Amino acid sequence: MTTTEHPNEVATAAASGASATERFHADKSPFEAVKDTPPERVATLINEVLAGVHDTIRKHKVTYDEYNALKAWLINVGEDGEWPLFLDVWVEHVVEDVATEHREGNKGSIEGPYYVPNAPDQGSKGAVPMREDEKGDPLLWNGQVRSCDGTPLAGAKVELWHADDDGYYSQFAPGIPEWNLRATFTTDDQGNFEITTIRPAPYMIPTDGSCGKMISAAGWHPWRPAHLHLKVSAPGHEQLTAQLYFPGDAHNDDDVASAVKPELILDPQDNGKGGYTVAYDFVLDPV
Ligand code: MBD
Ligand code: FE
């Protein structure tokens, strides 16, 4: 088993998977929201997915050895706690496209497995919680939240979470302070916010778990480009979940999670002091 060195302890796929699974279970029962789905819709969806599987088996003459390997792998994904990772990397981007195709404002991107609600409130202007010696290039970001008609939205919430300069998320890898690089901002009466943080590193899907095993068996790569995660919300508006990316990242064009859109790539300016400034606004659709 290969693992990734990290200060103090070692980050394993199984530990971060277990945290992501626990986090997913923590907030709500996802079944509650679909309890009135008619059986006809349930049957249609399940039948179509199964028909796709059956067609693949016939078309490629899938063997019993391959079937048993699939069965073992599916069991292992659960044991590693990697269902949140698997689904968010290979399925969520299509759900997100469908959910936001009607929007006139920002369309956004997937949430992924590492969001935690109720991150510390930093007002309209300030720094994300970080270690005194936090590695990574400083990033100063100015932005505004508006409605589709251009009205600035005062009191909008901007939740930000992202990986550190080693590509790890607090609460999902060991040895990182609880709320490191996680914060909630509230726009001022002009709808503006100003965030100080660091530029995150690209993210590598753990290679020692079931998702990593599938990636290497298929000859793929495990990388997501460096990204900032966001949730932006304001009364009377649809909540926006988004990610922002950095130009020139080797994986903007082949993100393992297929979650990059051209309008989500930032245009950071070198501040001449080893850091960057960037401007990026959000437009929310009224409900
Ligand atoms: C991530 O950091 C992420 O954003 C997604 C979508 C999947 C895995 C890790
Ligand atoms: Fe991420």
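**Close-up views of a predicted model**

View 1. The model is a predicted one. An unreviewed UniProt entry annotates residues 110-286 as "domain: Intradiol ring-cleavage dioxygenases".

**View 2. The span 40-106.** Here the chain is 81% helix and 0% strand. The end C-alpha atoms of residues 40-106 are 33 Å apart. In the unreviewed UniProt entry, residues 40-106 carry the annotation "domain: Catechol dioxygenase N-terminal".

View 3. The shell around ligand 1 is made up of Leu85, Asp88, Val89, Ile110, Gly112, Pro113, Tyr114, Tyr203, Arg224, Ala257 and Ala259. By class, eight of the shell residues are nonpolar, one is polar and two are charged. Helix 4, residues 83-90, contributes the most to this shell, with three residues.

**View 4. The crossing of helix 1 and helix 4.** Two packed helices are described by the angle and the distance between their axes. The axes of helix 1 (residues 13-27) and helix 4 come within 8 Å and cross at roughly 80 degrees. Angles of 65 to 115 degrees count as roughly perpendicular, and helix 1 and helix 4 are therefore roughly perpendicular to each other. From helix 1, the residues in the contact are Gly17, Ala20, Thr21 and Phe24; from helix 4, they are Trp83, Pro84 and Leu85. This contact of helix 1 with helix 4 comprises five nonpolar and two polar residues, with no charged ones. Leu85 of helix 4 is also listed among the residues around ligand 1.

View 5. The strands run in the order 6-5-10-11, and their pairing is antiparallel. Strand 6 (182-186) and strand 11 (240-245) are the edge strands; each has a single partner strand, so one side of each is left without a neighbour in the sheet. On average, neighbouring strands of this sheet are turned by 20 degrees against each other, direction ignored.

**View 6. The pairing of strand 5 with strand 6.** Strands of a sheet pair through backbone hydrogen bonds, in either a parallel or an antiparallel sense. Strand 5 (residues 157-162) and strand 6 are paired in the antiparallel sense over five bridges. Within this pairing, valine 158 stands opposite phenylalanine 185 in strand 6.

Technical notes
Residues numbered from 1 in each chain as written. Chains lettered and ligands numbered in written order. Predicted model: local features only at pLDDT ≥ 70, side-chain atom pairs only at ≥ 80, totals over all residues. Near = placed C-beta within 6 Å. Helix = DSSP H or I, 4+ residues; strand = E, 2+ residues; numbered from the N terminus. Nonpolar A, V, L, I, M, F, W, Y, C, P; charged D, E, K, R; others polar. Axes fitted to C-alpha atoms, helices over the stretch in contact; angles between N-to-C directions. Parallel < 35°, antiparallel > 145°, perpendicular 65-115°, else oblique. Contact = placed C-beta atoms within 7 Å. UniProt positions renumbered as here; feature names shortened; annotations may be inferred. Pairing = 2+ DSSP bridges.
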